[in-house]
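The entries follow the order in which I worked.

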Amino acid sequence: MLSKITIIGFIVGSAIIALGGYSLIIHMVPAIDVEEHFFIQVGELTTLTIPAPAHSPQSLTIIGSTFNLELQSPGDGLQIPETSYKDKFTQDWVHLVNGDTKIKIQNTGDDELEITAITTQTPNPLGLTFDLMVVISGMVVIGFSMGFTIRKPKGF
């Protein structure tokens with residue numbers, strides 16, 4: 001007969017394993033679509049790095065009074081040397097090879113910049129590691145809870 005502590009531990013451990021397994025399956029996709037909206041204050045310099053697989057579409061829109069932009073795509077992809085822009089900048093491109101696109105944006109205007117980026121990115125490998133840690137934690141909880149069902153030998 002299993003004790004109450006063992007049953008509770010088994011249920012909790014199973015729930016932890018189920019959540020970790022579900023998250024692991026979700027994060028095993030080769031690429032994920034990410035849409036980001038953020039703002040850059042006056043005078044700030046921001047660097048963006050977009051890790052992406054080959055043949056993945058990217059899109060960037062910047063709205064503001066004046067700003068400097070430099071973009072470097074991996075391989076023989078899109079290359080924009082540091083250039084000043086006014087009002088609005090929109091660019092769509094495709095990663096030709098696996099790698100990181102590096103974007104540097106500096107707000108040189110008198111109001112904040114609004115940036116909208118729609119990118120296809122490779123998932124973070126640390127996310128998979130965290131998901132595996134959650135699954136292992138669930139196994140440890142079940143293991144400890146099963147220890148409460150073992151009969152104790154005489155003398156203990």
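**Entry: the core.** I kept in mind that this is a predicted model. I looked up the largest nonpolar core and found that it has 16 residues, and that the residues with the most contacts inside it are Leu60, Ile62, Leu69, Phe89, Ile103 and Ile105. I then checked where the core comes from: the elements that give two or more residues to it are β2 (45–52), β3 (57–72), β4 (79–94), β5 (99–107) and β6 (113–121). Of these, β3 gives the most, with five residues.

**Entry: around Ile105.** I took Ile105 from that list and asked which residues it touches, leaving out those up to four places away in sequence. Ile105 is in contact with Leu45, Leu48, Ile62, Leu69, Leu113 and Ile115, among others, and the list also includes Ile40 as well as Glu44, Thr46 and Asn68.

**Entry: charged pairs.** How many salt bridges does a search of the whole structure find? I noted one, formed by Lys104 and Glu70, whose closest N and O atoms are 3.7 Å apart. Lys104 lies in strand β5 and Glu70 in strand β3, so the pair ties together parts that are 34 residues apart in sequence. I also looked up the exposure of both partners: Lys104 is partly exposed, with a relative accessible area of 38%, whereas Glu70 counts as buried at 18% relative accessibility, because the cut-off for buried is under 20%.

**Entry: positive phi.** Two entries went into the notebook here.

- His55 has a phi near 65 degrees, a positive value in a residue other than glycine; His55 lies in the loop between β2 and β3, and at 64% relative accessibility it counts as exposed.
- Asp87 has a positive phi of about 65 degrees although it is not a glycine; Asp87 lies in strand β4 and is exposed, with a relative accessible area of 55%.

Notes: Residues numbered from 1 in each chain as written. Predicted model: local features only at pLDDT ≥ 70, side-chain atom pairs only at ≥ 80, totals over all residues. Heavy atoms only, no water. Core = buried A, V, L, I, M, F, W, Y, C linked by side-chain atoms within 4.5 Å. Buried < 20%, exposed > 50% of the residue type's maximum accessible area, 1.4 Å probe, protein only. Helix = DSSP H or I, 4+ residues; strand = E, 2+ residues; numbered from the N terminus. Contact = heavy atoms within 4.5 Å. Salt bridge = Lys/Arg side-chain N within 4 Å of Asp/Glu carboxyl O.
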